[in-house]
Amino acid sequence: MRLFFLPLLLLFLLAARLAPAQTIQTEAAQAYWRLTDALRRDEPLTNAAWQQFLALPDNKVYVEAVWGSDTASVSRYRRAIEVVYRPRYDSLRQAKIKAGSWYYILVNHYKEQEADDRAFLALMAQNPTYLESMYTLAYEYLPARDHYKVQNLHLAYVALGNDATSQQAGIVFSIRDARDQLRLKPGILEAHEMHHRLRSTKDWHLVAADESLLTALYMTLNEGTADLIDKRVALEQQADTAEASQLRRWLLRPAPKVIHQLDSTICVQATGGPATSLRFYRGLTNGTNGHLPGFFMAYTILQNGLLQSLLAHANDPLAFALLYQQAAKKDQRHQHPPTFSPRAERYLRRLARQYAKSHPAAS
């Protein structure tokens, strides 16, 4: 990995003078290395030190977005950090990694790759070479009204987890995710997050009974369309990579079952049954916040020649669901993607008419 990464550093340094200036926040990542330096000396990780670390603005944004109210997972991640870095726990570290414990594998990767992570962060702080490409790539799956530049954009890196998040406070990347995506195609991770920041939404005042369903459909639209930027690239590589295999297991193979379950919940509501809770929908999508089945749906739309329609309705979750239905019915690849039942489709169309008439889209 290091032999591959160093030539990338040289390439970006050569391009650095051509890229626009942008301040990149690195304090959260630097704080992680200070924290783990103490652990390497076999000093315990105190509650005070951990809470101070989590309270750093970019860590706070990242943790709230990725883990939310799941404090148990945050505590398990903290324990993994202490075990991986403290010499006294080395036997336990090896056992956890051998057992395939994900947090321990991830934290151990941060430990082993620290030199390259530091070099990467220094390069990005000096000159983030993706600043233009992240807009160009994001624009491909956005309508013209959303093609603009964000003023005073806050960009930051953390040395936690393997994810990224786009919030009003800014875009925060984990170093691990940023480096992994860089190997796939420079700029696509940043473009995915920028897509979330740029895409406008419907200004709907939802009826209480519709709120959970519309929120769930919005999440599929939000992540599914953005996934066309990066996950499509991973799937369409000539070689069958580990990333492509993981995407098929994680987002494609489970999607038909999830769509059938979504159809069932819509039918219950269509026949006058109680509205399904948002918590249920989050569980249905395996905690992916819409990646499942959103990417499957968006990719089906794209592969069946409906990109322009997708762009025209890029801020409308009901239109997204109905556009998927159209694409699935006419699927030209003979892959037989699941469709919504006639009852669910009629209900979605009724909601679309209701909200189009009563709640116009925000400009």
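**Close-up 1. Gln 167 and its partner across the strands.** In this predicted model, Gln 167 sits opposite Gly 170 of strand S4. Strand S3 (residues 164–167) and S4 run antiparallel, joined by 4 bridges, and a hairpin of 2 residues links S3 to S4. Strands here are DSSP E runs of at least two residues and helices are H or I runs of at least four, numbered from the N terminus; two strands pair if DSSP finds at least two bridges between them. Residue numbers start from 1 along each chain as its sequence is written.

**Close-up 2. Strand S4, covered on both faces.** On the other pairing, strand S2 (residues 155–158) runs parallel to S4 through 4 bridges, with Ala 156 partnering Val 172. Since 5 of the 5 residues of S4 (residues 170–174) are buried, the strand is largely enclosed by the rest of the structure. Buried means under 20% relative accessible area (1.4 Å probe, protein chains only). Gly 170, Val 172 and Ser 174 cover one side, Ile 171 and Phe 173 the other.

Close-up 3. H12 (211–235), H14 (255–270) and H15 (278–284) each supply at least two lining residues, and H12 gives the most, with 3. Totals for linings use all residues, whereas local features need pLDDT of at least 70.

How values were computed. This is a predicted model: local features need pLDDT of at least 70, side-chain atom pairs count only at pLDDT 80 or more; totals for chains, interfaces and linings use all residues. Side-chain values use heavy atoms; hydrogens and water are left out. Buried means under 20% relative accessible area, exposed over 50%, partly exposed in between (1.4 Å probe, protein chains only).
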